[in-house]
Amino acid sequence: MAAMQDGRKLQVGRSLRGQALVETTLMLPLVLMATLLLLQLIWLVFVQYNLWLAASYTLRTGALQYGSKVAMERTLAAAMSAARPVLVSDSAAVDAADFRSLAARLTAEQLLHAKLAARIRIDSPSAEQFERFSETRFDLVLNQQVTEIAIDHPLVRLAASDSPEQWLAARQLKLEIWWCQPLEVPLAAAVLAELSALINNPVQVFCAARAAALDKPLWGLRHSIEGPMLSGYRRF
């Protein structure tokens, strides 16, 4: 009798272990996928924060450089290079020259990426604002005539304007920045790429088109920022 009870206990124990093994086998892929998705989402949050910082530098560059998109794209690319994961070998010390070379390479890669998979849209000053408030003046540095929304002598210009509020609005540089971030975590990248195709907003549509051209999954990030012009605004 005792032998039969021991046999039944052994059989029940084996059955429970087998059930636990089956449950673990079924749950393991789900746990793995959830972990990979979490890692990718954490990285996207970090890149979004980096984009917020990069947008501040980009805005300042535009405010100082007459709203030049070329200058802003370079600043954006340089600032977003901080969002690139870099593996440095521990086998040898890396000197300052190596770090400068690495930084230059990352900036060049991000500049190319910014050209292909990023967008800086200037919402203000608009074409209508530029048409209304711009004036032609002589630039001593360029030694030529330029057309710009001037910001010098602001109190005099404000008093002379027939629409002070609109003139002040025309002196605001307002940017919307789109950045298509490569998805590089295995499995999670494919899942998020499929999800982005279902999200019907301009940024994801823009990045989906760029993903097809670059042959890599991308996720669209955006950030809007504005501030006063610190130089005149010119349309390049």
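Predicted model: local features only at pLDDT ≥ 70, side-chain atom pairs only at ≥ 80, totals over all residues.

Start by selecting residues 202–214, which is helix α8.

Now show the side chains of V203, Q204, F206, C207 and A211, the buried residues of α8. Look down the axis: these residues cover an arc of only 155°, which puts them on the same side of α8.

Next, the two ends. At the N-terminal end, pick N201, which caps α8: one of its side-chain oxygens sits 3.0 Å from the backbone nitrogen of V203. Past the other end, click on D215, which follows α8 and has a positive phi, near 60°.

On to the strands. Select β1, β4 and β5, in that order, and you have an open three-stranded sheet with antiparallel pairing. Which strands stand at the edges? They are β1 (118–124) and β5 (218–228); each has a single partner strand, so one side of each is left without a neighbour in the sheet. On average, neighbouring strands here are turned by 15° against each other, ignoring direction.

Zoom in on β1 and β4 (residues 172–182), an antiparallel pair joined over six bridges. Pick I120 and look across to I177 in β4, its bridge partner.

Last stop: bring up residues 69–80, helix α2, which lies across β1 and β4 and runs at about 130° to β1.

Definitions and conventions:
Residues numbered from 1 in each chain as written. Heavy atoms only, no water. Helix = DSSP H or I, 4+ residues; strand = E, 2+ residues; numbered from the N terminus. Expected span 1.5 Å × (residues − 1). Buried < 20%, exposed > 50% of the residue type's maximum accessible area, 1.4 Å probe, protein only. Arc of directions from axis to C-beta. Polar contact = N/O pair within 3.5 Å; in protein donor to acceptor, adjacent residues only side chain to side chain. Pairing = 2+ DSSP bridges. Axes fitted to C-alpha atoms, helices over the stretch in contact; angles between N-to-C directions. Contact = heavy atoms within 4.5 Å.
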